[in-house]
Amino acid sequence: MIKIIHHRHKCIGCNSCVESAPDHWVMSKKDGKSMLKKSLQKGNYYILELPEWEYESQMEAARNCPVNIIRVNQSKKFVKA
Ligand code: SF4
């Protein structure tokens with residue numbers, strides 16, 4: 001499993017993550033920030049576990065984020081972003 005961590009409150013709403021991985025990212029019509037679908041909120045973070053084969057598309061979303069607030073971890077341990 002991989003773990004996606006989104007530091008959502010720092011999102012600038014550029015839409016790049018949605019373009020990179022639309023299966024798991026969507027823009028919120030409420031506040032204009034992106035949302036990691038089906039994620040769980042833990043403090044300021046939103047976290048979602050996905051199968052290993054999703055790694056590349058999620059890494060593309062992370063690489064394309066201009067404010068660097070998406071982390072993709074392959075280990076089971078949570079590493080603070
Ligand atoms: S790429 Fe980053 S800043 Fe842009 S919408 Fe996604 S999380 Fe927000």
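These questions and answers go through a predicted model and ask what lies behind each label.

Q: What makes strand 1 and strand 5 a pair?
A: Five bridges join strand 1 (residues 2–6) to strand 5 (residues 45–50), and the two run antiparallel. A pair needs at least two bridges, so strand 1 and strand 5 qualify. Individual partners can be named. Ile-2 stands opposite Leu-50. The bridge partner of Lys-3 is Glu-49. Ile-5 faces Ile-47.

Q: How do you know that strand 1 also pairs with strand 6?
A: Strand 1 and strand 6 share four bridges in the antiparallel sense. The cut-off is at least two, so this counts as a pair.

Q: What makes strand 4 a partner of strand 5?
A: Three bridges join strand 4 to strand 5, again antiparallel. With at least two required, strand 4 and strand 5 therefore pair. Gln-41 stands opposite Tyr-46 in strand 5. The two strands form a hairpin with two residues between them. In that turn, Gly-43 has a positive phi of about 65 degrees.

Q: What is the order of the strands in the open sheet?
A: The order is 4-5-1-6, four strands with antiparallel pairing. Strand 4 (40–42) and strand 6 (70–73) stand at the edges, because each has a single partner strand. One side of each is thus left without a neighbour in the sheet. From one strand to the next, the twist averages 25 degrees.

Q: Which residues of helix 2 are called buried?
A: They are Gln-58, Ala-61 and Ala-62. The label requires 20 or more other C-beta atoms within 10 Å of a residue's own. Seen down the axis of helix 2, the buried residues fall within an arc of 100 degrees, so they line one face of the helix. The face turned away from that side carries the exposed residues Glu-56 and Arg-63.

Q: What covers the buried residues of helix 2?
A: The cover includes strand 1, helix 1 (16–20), strand 2 (25–27), strand 5 and strand 6. Helix 2 (residues 55–64) itself lies across strand 1, strand 5 and strand 6. Helix 2 runs at about 150 degrees to strand 6.

Q: Why is Ile-69 called partly exposed?
A: Ile-69 has 19 other C-beta atoms within 10 Å. Buried needs 20 or more, and exposed means 12 or fewer. The count for Ile-69 falls in between, so the residue is partly exposed.

Q: Where is Ile-69, and what does Ile-69 touch?
A: Ile-69 sits in the loop between helix 2 and strand 6. Not counting residues up to four places away in sequence, Ile-69 touches His-6, His-7, Lys-10 and Cys-11. What of Asp-23, which is 46 residues apart from Ile-69 along the chain? Their C-alpha atoms are separated by 18 Å.

Q: Which residues come nearest to the ligand?
A: Of the 14 residues around the ligand, Cys-11, Cys-14, Cys-17, Ser-34 and Cys-65 come nearest.

Q: How many residues of the ligand shell are nonpolar, polar or charged?
A: Nine are nonpolar, five are polar and none is charged. Cys counts as nonpolar, so Cys-11, Cys-14, Cys-17 and Cys-65 take that label.

Terms used
Residues numbered from 1 in each chain as written. Predicted model: local features only at pLDDT ≥ 70, side-chain atom pairs only at ≥ 80, totals over all residues. Axes fitted to C-alpha atoms, helices over the stretch in contact; angles between N-to-C directions. Contact = placed C-beta atoms within 7 Å. Near = placed C-beta within 6 Å. Arc of directions from axis to C-beta.
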